[in-house]
Amino acid sequence: MINIAVMGFGTVGAGVADVFEMNGALIAQRLGEPVYVKYILDVREFPDSPFAGRVVHDFDVILNDPAVEIVVETIGGAKVAYDYTKRALAAGKHVVTSNKELVATKGCELLQLAKEKNVNYLFEAAVGGGIPVLRPMQQCLAANEIEEVYGILNGTTNFILSRMVRAGVTFEAALKEAQSLGYAEQDPTADVEGQDACRKICILADLAFGKELPPEHVPTCGISGVTLRDVEIVEQAGWRVKLLGRALRTAGGKVCAYVAPHLVAAEHPFSAVEDVFNAIMVRGNAVGEVMFYGPGAGKLPTASAVAADVLDAAAHREKRKNIGWSAWRAEDAGTPEELELRGYFRVKDPLETVEARFPGSEILASGGEVAFITPKMPLRRLEDAAAALQLCAKMCVLG
């Protein structure tokens, strides 16, 4: 029997316990032995839960029990979770997490500690919720040199943008609807300003390119500045607005990442990804583009990914999985300014001014304001030229 402990009994933690209870027989058959949730660590009591008798409030109970081989961390944040994770790994316990903030900011350190202690630190659920993407990148695409990874990485923002398109509601109204349905927190900053997507693209970049990319070095722009007017203009021209995280190798071999609203062409698979679903595209030099799609959040989808990591850790108890990346070095990092992109702008300037500054642009709307898509050009030049205009809105263009 494999004994595990779950730290944090919120939505995901409760889902993990439910998955092992619900599919226990099937999991035991596939693993060759049963998995038992021995402890649940939380500051609260859960008298109405079927797991009430397993709740403990002292982390040392878990730490000092040699029978607990695998610890599941679903606390969230990078403070208490960081302390408990370090101590669990140092004690020789495998750790599985869904904590994107912790992996994005402390993953390099924790993976190095896991290597020193010959244990596993696994985090499939930290990116894409229930979508299996990290393990396929490491295994199924292992023969490829990854050139680029990008995707719709946040279900809340995708839901808001979908509502703006389908129902014609404003950003503010769509956000309130997302909050009422439980898709957005009362403080939605991490989602709508792109911080959540930033952490996820950092983890994807770390794995894809083998070099740490801290979130504070990734330019990030969310969707709070996207207006219904822009959504309507680009929709009529056959585009959809999506918040994308993107990471790629520059021409000079450096790693570059950013998060921003993008225009996505109607024929691109991402244009049909709606509501709280996520989609991730990985481009390898041998396979070309591979897309992963599915629920990016939710109790059981995320718990499914956590449970799969628990099984993976159990299967690799004797020989740890070789996961890790090198520590951050400024000389390895490129900047988005080095990229060539097309941009979408809506400005108050006359059409003649736009055509003079951006010759060859695709004009989407004109009159009191001009909305247009520029030709592809270096981002630095794009930004410099746009700075002289009376700017109302701007976005990147995918492709």
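So, is Arg 246 buried or exposed? In this model, which is a predicted one, Arg 246 counts as buried, because its relative accessibility is 14% and the cut-off for buried is under 20%.

Okay, so who does Arg 246 pair with? Its side chain meets that of Glu 148 in a salt bridge, at 2.6 Å from N to O. Arg 246 sits in strand β8, residues 239–249, and Glu 148 sits in strand β7, residues 146–152, so this pair ties together parts that are 98 residues apart in sequence. And Glu 148 is buried too, with a relative accessible area of 6%.

Now stay with Glu 148, please. Its side chain also makes a salt bridge with Arg 283, at 2.5 Å, N to O. Arg 283 belongs to strand β10, residues 277–284, so again distant parts of the chain are linked, here 135 residues apart. Arg 283 itself is partly exposed, at 26% relative accessible area.

Over to the helices. Glu 177 and Arg 163 meet through their side chains in a salt bridge of 3.0 Å, N to O. Glu 177 is in helix α8, residues 171–180, and Arg 163 is in helix α7, residues 155–166, so the pair ties together parts that are 14 residues apart in sequence. Glu 177 comes out as partly exposed, with 25% relative accessible area.

Technical notes
Residues numbered from 1 in each chain as written. Predicted model: local features only at pLDDT ≥ 70, side-chain atom pairs only at ≥ 80, totals over all residues. Heavy atoms only, no water. Salt bridge = Lys/Arg side-chain N within 4 Å of Asp/Glu carboxyl O. Helix = DSSP H or I, 4+ residues; strand = E, 2+ residues; numbered from the N terminus. Buried < 20%, exposed > 50% of the residue type's maximum accessible area, 1.4 Å probe, protein only.
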